[in-house]
Structures are given as structure tokens and as C-alpha cells.
Amino acid sequence: PLRRPLMTTARRIERWSFAAAGLVVFANAEYRARAEREGLLRGDSEVVANGWSLPDAAPDQRWRDGAEHLLAYVGTIGEQDNVDRLVDAVAELCLPGRVRVVVAGAGSALEAVQRRARERGVAGCFEWLGFVRDRNRIASLVRSADACVAPEVDSAFNRLATFVKVVEYMSAGAPTAAHRLPQTERLAGDTLEYAPDMTAAGLAAAVRSLLAGPGRGRRAEIGRAHV
């Protein structure tokens, strides 16, 4: 019952904002197309990918803490981010003691994701940094990782979204595993390793391919140049 008046108010604010703007900046072309369909866009607009480049911090082997493989996740940990899918993928990899996963981020789903890691028996593989303000620290983690992960799965929200983490990973030339979502594919093309489906097993397969693939560095470098 509360949602209807809230949505009505939000839409009014949205229309007022568009009407008042001299320039509207969209995170991707689909957001602009939606505004055009809704009759919201009246003035000038530009599309700028939703993200920014990481600084040139050096890799640091201390992130690995002796593990053979290092995975990294950077970003919000909300329900739509599907970090629980990353937990399930790590469990699917079956590399106890050989893989370390460092997660930089916080959000409303953090406690549920940590509980999921305990339930799947992989809590010992994870280090939870919380929200990290130091951009150089994030850059060092991303550049140290054997694979970075964008675990978002298909949904109405995620089909429209361009994720900041994907741009950050690409800007650092990091090998990246992700699900094949429309805006991710439009942004990154074939520079990422895509899961064959939307399952945790599929994401694990993409990560495993990166860990074993000798060509991952060249493709990641193409991604960096693309950014």
C-alpha cells in the first residue's frame, strides 16, 4: 500500500529533474532510451560509462597470504549484486586452501553473504575488508588478483545496469569473470570471461578458465586499452 504513493512521488521528482536539467548524463544508452520512451528527455544528453579508472598502484603479494590463487570482488554488497553467487562459485571450485577471496565492499546483504559462506564451508577462504575509501588500496588488490569477479545475475534491474566494478577491473587490466548481461557485454565486449549460464557452477567455470588460461593477460590488456 505504501509503494504506490512513493512511486508516484518519485516519478514526479524524476520529471521535474529532467525538466530542470540543461544536460542529462546517462550511464548507458539503454537508460537514455528509457527516458526517451517515457517522454522525460527534453534537452541535451550524453552517455558516459558508469565508472572510473583505478590509479596505478603496484600489485602486492601480501594480498595472497600464501594462497595459490587470489580472487577479488570490489563493490556494493546489496541484494542485486549477488555476492552470494560468488560464495557458491568458490564452493564449486573445490580448491580448499588454494584459493583466497578478498571482498572490498559493504551493503545490506553483507551479513547474509557471510552467513552463506559459513553454510557452504568456505568462510576460511574469504577476507572481508568492508568499505574501502583508499583508491590505491583497491587498485593494488585488483592488480594483484588472478581473477576479479562481477557475479550479478539476470534481473530487470541488472539488465539495465552498467556496473562500476566492471569499468574498474578493466581499467586495471584485470582478468574478469562475469555473467553475460546486456550492458556488461555492450561495455566490455569479449574482453571478459563470461559464464556459460546464470548458475554458480557457470561462474565457477569462468573463474576456472581464467585461472588456467594462458591468454587471459592479453585479453585483459585489450580491456584496459578499451577503457
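Modeller: Accessible areas here come from the Shrake-Rupley method with a 1.4 Å probe. The structure under discussion is a predicted model. With that method, the accessible surface of the protein chain comes to about 11,800 Å², and 51% of that surface belongs to carbon and sulfur atoms.

Colleague: How many helices and strands does the protein chain have?

Modeller: The protein chain holds ten helices and eight strands. Its radius of gyration is 19 Å, close to the 17 Å that the globule rule gives for 227 residues, so the chain is as compact as a globular protein of that length. The C-alpha trace spans about 55 × 45 × 35 Å along its principal axes.

Colleague: What share of the residues counts as buried, and what share of the contacts joins residues at least 24 apart?

Modeller: Of the 227 residues, 45% count as buried. Among contacts between residues at least 6 apart in sequence, 69% join residues at least 24 apart.

Colleague: How many positive and negative side chains are there, and how far apart do the centres of the two sets lie?

Modeller: There are 31 positive and 28 negative side chains. The centres of the two sets lie 3 Å apart.

Colleague: How many bridges join S3 to S4, and how many join S4 to S5?

Modeller: S3 and S4 run parallel and are joined by six bridges. Val74 has Ala104 in S4 as its bridge partner. Strand S4 (residues 99-104) also pairs with S5 in the parallel sense, over four bridges. In that pairing, Val102 stands opposite Glu127 in S5.

Colleague: Which residues of S4 lie on each of its two faces?

Modeller: In a regular strand the side chains alternate between the two faces of the sheet. For S4, one side carries Val99, Val101 and Val103, while the other carries Arg100, Val102 and Ala104. Both faces are covered, and these residues are all buried. In terms of the count, six of the six residues of S4 are buried.

Colleague: Ala67 is in contact with which residues, leaving aside its neighbours within four places in sequence?

Modeller: The contacts of Ala67 are with Arg98, Val99 and Arg100. Ala67 itself is placed in the loop between S2 and strand S3 (69-74). Its relative accessible area is 11%, under the 20% cut-off, and Ala67 is therefore buried. Its C-alpha atom is separated by 18 Å from that of Gly213, which lies 146 residues away along the chain.

Colleague: What is the phi of Cys94, and where does Cys94 lie?

Modeller: Phi of Cys94 is near 55 degrees, a positive value in a residue other than glycine. Cys94 lies in the loop between helix H3 (83-93) and S4. Its relative accessibility is 57%, so Cys94 counts as exposed.

Colleague: Where is Leu40 found, and which residues does Leu40 touch?

Modeller: Leu40 is found in the loop between helix H2 (29-37) and strand S2 (44-47). Not counting residues up to four places away in sequence, Leu40 touches Glu14, Arg15, Phe18, Arg34 and Ala35. With 3% relative accessibility, Leu40 counts as buried.

Colleague: How does Ala205 count: buried, partly exposed or exposed?

Modeller: Ala205 lies in helix H9 (residues 200-212). Its relative accessibility is 31%, a value between the cut-offs of 20% and 50%, so Ala205 counts as partly exposed. Its C-alpha atom is separated by 39 Å from that of Glu36, 169 residues away along the chain.

Definitions and conventions
Residues are numbered from 1 along each chain as its sequence is written. This is a predicted model: local features need pLDDT of at least 70, side-chain atom pairs count only at pLDDT 80 or more; totals for chains, interfaces and linings use all residues. Side-chain values use heavy atoms; hydrogens and water are left out. The radius of gyration is taken over C-alpha atoms; the globule rule is 2.2 Å times the number of residues to the power 0.38. Buried means under 20% relative accessible area, exposed over 50%, partly exposed in between (1.4 Å probe, protein chains only). Contact means heavy atoms within 4.5 Å. Lys and Arg count as positive and Asp and Glu as negative; His and the chain ends are not counted. The place of a charge is taken as NZ of Lys, CZ of Arg, CG of Asp or CD of Glu. Two strands pair if DSSP finds at least two bridges between them.
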